[in-house]
Amino acid sequence: MLTDFSARLSNTVTELTLKPQTVDDLATQLERLEAAKGLVADMDSHVQPIQARFETLARFEHMVPQQIQEELANLPVQVTSTVSTVDEAGRFLADQKIKYREIVGRKQSSFVLSARTFREEFSSDAPFGSDLTAHSALEQIAMLKERLASLRGDYSGIHDNLTVFGVEMPVSRDLGAVEEQLQLLETLWMLRSDWDTLVTKWQGTSWEALDSTALDESAGQFYIKLRKSGQNAKSWAVYQKLEAEIKQFRQTMPLIAALRQPALRDRHFQQLSAEVGQVVDPFKPEFTLATVYELGLDEHAEVIMTLSESAEQELGIENSLTSIKEGWQVLELDIRAYSKTKGFYLLHGAEEVFELLEDNTLTLSTMKGSRFVAAFESQLEQWEKTLGAVADTIELILSTQRSWMYLEAIFMGSEDIRRQLPSETAMFLEVNTAWGETMTEMHRKKLALSCLTKPVATKLQNMVTTLEQIQRQLDNYLEVKRQAFPRFYFLSNDELLEILGQARNPEAVQPHMKKCFDAVKMLDLQASPSRNARNTTVLQATALIAGDGEKVMFQQPVTCSGAVEGWLLLIESAMRKTLAVLLGQSLHELRSRAGYERWIAKWPGQLTLTAGLIQWTDMCQQ
């Protein structure tokens with residue numbers, strides 16, 4: 001206990017005798033002085049217990065080592081020395097405080113001047129401008145941050161030194177302002193660096209891989225980040241230039257979108273090249289976003305937007321033309337075998353063709369009224385010609401088909417007609433062969449656009465002309481027959497042809513008798529005893545039969561052979577002669593006062609009516 005206390009007193013004296021070399025040393029000595037003052041103040045509480053303890057040992061005659069006895073004897077001296085040293089150290093350190101307070105004051109003044117100078121230099125030399133690269137600016141900012149850190153270290157040291165003297169170090173407004181601006185400046189230049197990196201990446205992207213919408217979204221997000229970060233830096237050139245570049249970039253996105261318009265074709269880029277004065281070919285692999293700016297295309301935004309709008313409108317026309325082409329590429333004609341004549345084909349129903357023709361013609365007419373049609377005028381003209389040829393050809397097919405079917409039944413179905421019209425038959429056979437070949441070829445090709453061509457139309461037109469000529473000559477032939485037997489005017493051409501086509505068969509006339517002779521349904525045909533030159537049976541007309549079954553027997557049978565009109569004239573003559581004779585006989589019998597009922601039942605109805613009227617007239621005149 002004594003040894004420890006003695007060592008403590010010795011250490012205190014030794015430490016208090018040290019002279020401070022720095023403010024930190026002064027702070028340490030002042031702390032030691034305060035501790036020593038506490039020790040002196042509590043000295044009795046330490047010394048008295050020691051003395052009381054040794055007194056107790058002496059009373060009991062306890063042996064104490066010589067060294068301990070010496071330490072105990074020296075204790076009062078140590079206490080007196082310690083108290084003296086504390087007093088002297090107090091006076092010395094008071095003088096040292098004054099000395100070092102002046103030194104720290106000078107440091108403080110020097111720091112304030114350095115901070116103000118640094119702020120002024122920062123304001124004038126920091127990279128607020130836009131003429132630097134991001135790399136250079138960030139290097140400069142790094143050096144400024146080092147200098148700021150150094151001044152901050154000085155400030156902390158002075159602050160700690162002043163604390164020794166109980167003085168508070170004022171906050172450095174200069175360093176605070178520089179620190180705030182430097183941090184903001186670093187943020188802006190980092191954004192500048194990031195923007196340059198993005199733009200470089202985008203500019204190196206191939207034209208095909210560019211997505212203007214995604215670029216605009218990225219630039220928009222970057223702009224928002226800039227606005228949030230640079231609220232207090234809008235007057236700085238670096239901020240203004242970066243903001244302007246982002247805005248300009250976003251303004252060019254519609255231009256990029258317009259240049260990437262899928263509707264743009266080579267002709268549009270040729271027009272743009274002529275406007276720019278340089279070749280613009282985005283289809284080249286080396287064409288990138290950077291190329292757009294290198295060619296100065298952003299200075300021709302109005303021209304590009306106009307071209308893009310025109311291209312979009314022209315794309316509609318192009319798609320319509322493509323749709324027309326695709327429609328005709330798959331449209332097939334409904335060609336079927338003719339059931340009545342083997343080896344021949346007919347067109348069955350052309351409604352789909354006419355519907356497509358109508359739609360396409362209307363579409364072409366609408367496109368011709370567009371101001372964007374210039375690039376497609378040749379195609380429009382070609383399609384107009386093609387559709388015109390299709391329309392003409394389909395009409396010719398239908399016209400030829402109608403005439404052919406009508407005349408085919410006449411010329412191929414009747415040997416008598418062919419015999420009577422040899423020239424027309426030869427003409428028809430020629431058309432018949434051409435028609436068969438044409439329709440067979442159409443049946444093979446199927447596709448409407450392959451079948452309905454100008455050469456086919458020309459061939460069909462020749463057929464129509466020939467068939468019309470045949471029809472005229474056939475009409476002339478029928479007219480001759482009607483003039484020979486005027487009652488043929490009561491029959492249609494088909495009915496008359498049916499009769500003439502079966503001239504050797506009198507039975508063929510029977511269905512048409514009621515049209516040729518009023519109230520006559522048919523002839524009573526009987527086999528003649530004689531035979532003709534070909535040794536075939538000849539029929540004779542022996543009577544007229546009415547619809548109600550009334551029969552009038554001819555005075556003499558009429559042989560039904562030779563030209564139809566010839567023996568029908570004989571029928572007409574026989575009818576008149578027979579009725580004249582029968583009328584006289586019925587009138588004579590009426591005047592003989594025979595019974596009326598028997599008389600009416602005996603004679604044909606027309607004769608009884610005529611005879612009755614004659615008799616009544618005679619009786620009125622008498």
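**Exercise 1. Decide whether cysteine 451 is buried or exposed.**

Solution. Start with the scale. Buried means under 20% relative accessible area, exposed means over 50%, and partly exposed lies in between (1.4 Å probe, protein chains only). Cysteine 451 has a relative accessible area of 2%, so it is buried. Now take cysteine 620. Its relative accessible area is 48%, so cysteine 620 is partly exposed. Next, look for disulfides. A disulfide is a covalent bond between the sulfur atoms of two cysteines. The test here is a pair of cysteine sulfur atoms within 2.5 Å. The structure holds zero disulfides.

A note on the source: this is a predicted model, in which local features need pLDDT of at least 70, side-chain atom pairs count only at pLDDT 80 or more, and totals for chains, interfaces and linings use all residues. Residues are numbered from 1 along each chain as its sequence is written, and side-chain values use heavy atoms, with hydrogens and water left out.

**Exercise 2. Trace the network of salt bridges that includes Arg192.**

Solution. Begin with the definition. A salt bridge is a side-chain nitrogen of Lys or Arg within 4 Å of a carboxyl oxygen of Asp or Glu. The structure holds 21 salt bridges.

Step one: arginine 192 meets aspartate 196 in a salt bridge, at 2.7 Å from N to O. Both residues lie in helix α6 (residues 173-203). They are four residues apart, about one turn of the helix. Helices are DSSP runs (H or I, at least four residues), strands likewise (E, at least two), numbered from the N terminus.

Step two: arginine 192 also forms a salt bridge with glutamate 245, at 2.4 Å from N to O. This pair links distant parts of the chain, with glutamate 245 in helix α8 (residues 237-259) and arginine 192 in helix α6, 53 residues apart.

Step three: join the pairs. Arg192, Asp196 and Glu245 are linked in a network of salt bridges.

Step four: check the cover. Arginine 192 is buried because its relative accessibility is 8%. Aspartate 196, at 29%, is partly exposed. Glutamate 245, at 24%, is partly exposed.

**Exercise 3. Find which residues gather with Glu352 in a patch of negative charge.**

Solution. Set the rules. Patches are made of residues with over 30% relative accessible area and no salt bridge; like charges are joined within 9 Å, and nonpolar side chains (Val, Leu, Ile, Met, Phe, Trp, Tyr) within 5 Å. Areas come from the Shrake-Rupley method with a 1.4 Å probe; for residues, only the protein chains shown count as cover. Lys and Arg count as positive, Asp and Glu as negative; His and the chain ends are not counted. The place of a charge is NZ of Lys, CZ of Arg, CG of Asp or CD of Glu.

Now the members. Glu352, Glu355, Glu358 and Asp359 gather in this surface patch. Glutamate 352 sits in helix α12 (residues 351-368). Its relative accessibility is 53%, so glutamate 352 counts as exposed.

**Exercise 4. Locate lysine 446 and alanine 519, and give the phi of each.**

Solution. Most residues other than glycine have a negative phi. Lysine 446 has a positive phi of about 70°. Its place is the loop between α15 (422-445) and α16 (448-451). At 26% relative accessibility, lysine 446 is partly exposed.

Alanine 519 has a positive phi of about 75°. Alanine 519 lies in the loop between α19 (513-516) and β3 (520-531). At 44%, alanine 519 is partly exposed.
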